[in-house]
Amino acid sequence: MNDLGRRLKELRKARNLTQSDLAVQLGLTKAVISAYENAQRYPSYDVLISLSKIFHVTTDYLLGISSTRYLDASGLSECDYMIIAQLIQSLRNKKQ
């Protein structure tokens, strides 16, 4: 399994989506999603961009170019954002 397939499967499962659920969102078939996850096919640019929007990650993350994931904090108050930032930093410190 390549980076794209592995990451796509991880993101899909983290959202409790089946291959069929994701296929419906993208206007594709379950077989196509399976082929992406098993590195038998690669998505078009349009599908890759749609996947990045669905999972709130960059296309670089999906393709394995970057290991950095991003969290969508839009709609949160400044206070909520700061709480999340502090939690992330605390978790990083715990790992060190």
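In these legends, two residues are in contact when heavy atoms of each lie within 4.5 Å. The structure is a predicted model, in which local features need pLDDT of at least 70 and side-chain atom pairs count only at pLDDT 80 or more, while totals for chains, interfaces and linings use all residues. Residues are numbered from 1 along each chain as its sequence is written, and side-chain values use heavy atoms, with hydrogens and water left out.

View 1. Leucine 26 has its place in helix H2, where helices (H or I, at least four residues) and strands (E, at least two) are DSSP runs numbered from the N terminus. With a relative accessible area of 16%, leucine 26 is buried; here buried means under 20% relative accessible area, exposed over 50%, and partly exposed in between, for a 1.4 Å probe and protein chains only. Once its neighbours within four places in sequence are left aside, leucine 26 is in contact with Ile33, Val47, Ser50, Leu51 and Ile54. Leucine 26 and serine 50 are 24 residues apart in sequence, yet their C-alpha atoms are 7.3 Å apart in space.

**View 2. The crossing of H2 and H4.** The axes of H2 and H4 come within 11 Å and cross at roughly 115°, where axes are lines fitted to C-alpha atoms, for helices over the stretch in contact, and angles run from 0 to 180 degrees between N-to-C directions. This crossing of H2 and H4 is right-handed; a crossing is called left-handed if the near helix is turned anticlockwise from the far one by less than a right angle, and right-handed if clockwise. From H2, the residues Leu22, Gln25 and Leu26 meet Val47, Ser50, Leu51, Ile54 and Phe55 of H4. The residues of this contact of H2 with H4 divide into six nonpolar, two polar and no charged, where Ala, Val, Leu, Ile, Met, Phe, Trp, Tyr, Cys and Pro count as nonpolar, Asp, Glu, Lys and Arg as charged, and the others, Gly among them, as polar.

**View 3. Helix H1 and its buried residues.** Helix H1 (residues 3-14) has twelve residues and reaches 16 Å from its first C-alpha to its last, close to the expected 16 Å, a span calculated as 1.5 Å times one less than the number of residues. Which residues of H1 are buried? They are Leu4, Gly5, Arg7, Leu8, Leu11 and Arg12. An α-helix has 3.6 residues a turn, so residues three or four places apart point the same way. The buried residues of H1 pack against helix H2 (19-26), helix H3 (30-37), helix H4 (45-55) and helix H5 (59-63).

**View 4. The crossing of H1 and H4.** The axes of H1 and H4 come within 11 Å and cross at roughly 35°, and the crossing of H1 and H4 is left-handed. In this contact, Leu4, Leu8, Leu11 and Arg12 of H1 meet Leu48, Leu51 and Phe55 of H4. The residues of the contact of H1 with H4 divide into six nonpolar, no polar and one charged.

**View 5. Asparagine 16 in a loop.** Asparagine 16 lies in the loop between H1 and H2, and its phi is positive, about 55°, although asparagine 16 is not a glycine. Is asparagine 16 buried or exposed? Asparagine 16 counts as exposed because its relative accessible area is 68%.

**View 6. Histidine 56 in a loop.** Histidine 56 lies in the loop between H4 and H5, and its phi is near 55°, a positive value in a residue other than glycine. Histidine 56 has 37% relative accessibility, so it counts as partly exposed. If its neighbours within four places in sequence are left aside, histidine 56 is in contact with Arg15, Tyr70 and Asp72. Histidine 56 and arginine 69 are 13 residues apart in sequence and 8.6 Å apart in space, from C-alpha to C-alpha.

**View 7. The setting of the close-ups.** The protein chain has six helices and zero strands, and its C-alpha atoms fill a box of roughly 40 × 30 × 25 Å, taken along the principal axes. Of the 96 residues in the protein chain, 29% are buried. Among contacts with a separation of 6 or more, 48% are accounted for by residues 24 or more positions apart.
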